[in-house]
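Subject: Structure handover

Dear colleague,

I am passing on the structure we spoke about, and below it you will find an account of what came out of going through it. Please read the text with the structure open beside you.

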Amino acid sequence: MTALSTLPAWQTMLSQAAQLKHIDLRQAFASDPGRAERYSLKACGILLDYAKNHIDDAALANLFALARATGLEAKRTQLFAGAPINATEGRAVLHTALRAPAGSVIEVDGVNVVPQVQDVLARMARFADKVRNGQWLGLDGRTITDIVNIGIGGSDLGPFMACEALKDFGSPHLNLHFISTVDGWQLATVLEKLDPATTLFIVASKTFTTQETLTNARAARQWLVNALGVEAAVAKHFVAVSTNAEAVSAFGIDTANMFGFWNWVGGRYSLWSAIGLPILLYIGEANFRALLAGAHAMDQHFQAAPLEQNLPVILALLGIFYINGMGAATQLVSPYNQPLHRLPAYLQQLDMESNGKSVRLDGKQVDYHTGPVIWGEPGINGQHAYYQLLHQGTELVPIDFIGVLDNPKSSIEHNTILLANFLAQTEALMCGKHEAEVRAELKAQGLTGDVLEQLVPHKVFGGNRPSNTLLLDQLTPSSLGSLIALYEHKVFVQGAIWGINSYDQWGVELGKQLARTIEAELRDPAINGVHDASTNRLIDYVRKALNQKQKC
Ligand code: F6P
């Protein structure tokens with residue numbers, strides 16, 4: 001495997017980035033009337049304006065050359081063809097097959113997986129129809145009003161984000177609840193408001209071994225059986241989503257009430273699979289299929305568009321330019337749309353669990369930075385909290401501003417103000433306010449002398465802070481599907497260029513192992529594990545508190 005850092009295009013990128021870091025973006029626009037148009041692109045209903053970045057034609061051309069030099073196009077072919085690109089687990093990575101049209105042929109180990117995908121989808125749709133139409137009845141014959149998804153990570157974040165984003169398309173007769181944490185407060189707080197007779201639980205776990213999920217599922221099952229009085233209630237009120245039929249059955253859920261998927265679907269890429277059952281229940285079959293179709297449209301765009309016109313590729317290369325060329329350690333995702341409020345949390349897992357790696361596919365340590373810290377929340381709230389740092393702080397924070405033009409529930413008054421702020425922030429960050437402008441403004445307010453001079457440096461905005469602007473016409477199942485797939489492919493492109501495996505997650509294992517050891521020690525004071533002095537003292541402190549609680 002050629003070391004990325006020895007590629008001529010990599011070296012060129014570093015020197016171009018060092019220069020362009022100091023580009024005056026205002027000047028770049030003033031001297032190049034075609035810049036805004038040249039650096040913008042629309043595909044799958046998503047407009048991307050990337051003109052407010054520290055780029056020029058030469059830097060972009062080199063980034064595309066870098067992508068080609070790392071074999072991106074061949075790697076993309078392998079991804080879609082079902083090659084085992086998740087090498088450390090020997091698995092294909094085929095979330096794209098979950099949204100491929102019926103009739104497509106995508107093979108894993110010589111077997112076309114599309115018919116299996118379509119079968120599960122059809123079963124999910126039939127089940128969802130029954131619940132939505134009131135034909136699926138609880139033990140005492142009442143219809144389902146509340147659905148509780150119990151899952152964590154990819155078995156929670158995607159469905160939760162999508163159900164929030166698509167609330168306007170959701171059934172008014174169903175209330176959705178998402179339980180992820182093993183902090184029992186969450187489950188207790190949800191259950192205390194629910195009627196067991198009208199509640200349906202979805203236990204969602206790819207492995208069906210995840211401690212948090214199984215602990216919550218056991219507690220929910222107990223709550224249900226206690227309330228309804230018979231074990232038979234489970235068959236009417238519990239379904240499972242998993243790749244592990246044996247564990248589902250061992251848990252006590254009939255596999256007739258299980259919706260399966262496959263080990264070639266990564267947890268954080270699984271909302272298109274049976275993990276999307278809460279979404280399908282909430283928005284119905286036609287809308288769920290539109291979500292899949294939107295993602296498929298982005299798959300096609302990603303596969304077919306030349307790199308220079310390819311949304312995921314451009315987003316990925318800009319990210320690499322900032323991370324590796326300019327030392328950006330974080331990436332802010334700033335949706336100006338309340339239904340998208342869980343998007344940053346979803347993208348955190350997608351990006352950080354995928355590309356938070358420091359070893360290349362060949363086992364060698366990287367000598368460059370990889371995935372950034374992804375963070376954010378709805379942008380308008382951010383403006384009144386952390387945007388100060390974005391405007392005048394010392395960190396370089398590339399930003400994805402995400403807006404939606406049509407916001408049916410919001411009045412024109414609200415929407416105009418929201419979008420004005422959305423646009424203003426991108427402009428303010430890029431243009432800043434120069435010293436002369438500040439001075440003139442203060443003078444116009446009647447300030448003079450020392451008072452004016454003391455204020456000037458505090459009121460200067462350096463500007464030149466980069467951002468991408470993404471605009472959706474409307475937030476629909478289809479456009480949401482395209483948006484999520486856009487980010488999935490961006491993550492793929494970055495991982496492919498960095499030469500890492502974006503599809504394993506060994507880094508989550510050590511903490512899980514240690515938690516099991518410490519759990520035993522917390523339960524039994526006779527067990528004393530071998531830890532560092534700090535952890536020992538803390539275990540002792542917590543154990544005493546738990547014992548005290550038990551005695552009360
Ligand atoms: O611990 C991390 C992780 O394995 C994620 O990758 C995954 O999405 C999550 O846990 C939940 O896993 P499961 O769906 O198997 O319960």
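A residue is called buried when its relative accessible area is under 20%, exposed when that area is over 50%, and partly exposed in between. With those limits, C44 counts as partly exposed, because its relative accessibility is 27%, whereas C163, at 2%, counts as buried. Please keep in mind throughout that this is a predicted model, and that every value here was computed from it.

For reference, a disulfide is a covalent bond between the sulfur atoms of two cysteines.

The chain as a whole

The protein chain holds 22 helices and 13 strands. Its radius of gyration is 26 Å, close to the 24 Å that the globule rule gives for 552 residues, so the chain is as compact as a globular protein of that length. Along the principal axes, the C-alpha trace spans about 80 × 60 × 55 Å. Of the 552 residues, 51% are buried, and, among contacts with a separation of 6 or more, 74% are accounted for by residues 24 or more positions apart. The chain exposes about 24,000 Å², of which carbon and sulfur atoms supply 55%. As for charge, there are 43 positive and 51 negative charges, and their mean positions lie 3 Å apart.

C163 belongs to helix α7, where the buried residues are L157, G158, P159, M161, A162, C163, E164 and A165. This helix, which covers residues 157-165, is mostly covered, with eight of its nine residues buried. What do the buried residues of α7 pack against? Their partners are β6 (175-179), α12 (277-304), α14 (343-355) and α20 (477-498).

L315 sits in helix α13, which runs over residues 311-326, and it counts as buried because its relative accessible area is 2%. Leaving aside neighbours within four places in sequence, L315 is in contact with L48, D400, N468, L470, L486, Y487, K490 and Q494.

Loop residues

Most residues other than glycine have a negative phi, and two residues are worth looking up with that in mind. D109 has a positive phi, near 50 degrees, although it is a residue other than glycine; D109 is found in the loop between β3 (107-108) and β4 (111-112), and it counts as exposed because its relative accessible area is 77%. N464, which is not a glycine either, has a positive phi of about 60 degrees. The loop that holds N464 lies between α19 (449-459) and β13 (467-474), and N464 is partly exposed, since its relative accessible area is 22%.

A further loop residue is D362, which is placed between α14 and β11 (373-375). With a relative accessibility of 31%, D362 counts as partly exposed. The C-alpha atoms of D362 and E73 are separated by 19 Å, while the two residues are 289 residues apart along the chain.

With best wishes

Methods:
Residues numbered from 1 in each chain as written. Predicted model: local features only at pLDDT ≥ 70, side-chain atom pairs only at ≥ 80, totals over all residues. Heavy atoms only, no water. Buried < 20%, exposed > 50% of the residue type's maximum accessible area, 1.4 Å probe, protein only. Helix = DSSP H or I, 4+ residues; strand = E, 2+ residues; numbered from the N terminus. Rg over C-alpha atoms; globule rule 2.2 N^0.38 Å. Contact = heavy atoms within 4.5 Å. Areas by Shrake-Rupley, 256 points an atom, 1.4 Å probe, with all protein chains shown as cover. Lys, Arg positive; Asp, Glu negative; His and termini not counted. Charge placed at Lys NZ, Arg CZ, Asp CG, Glu CD.
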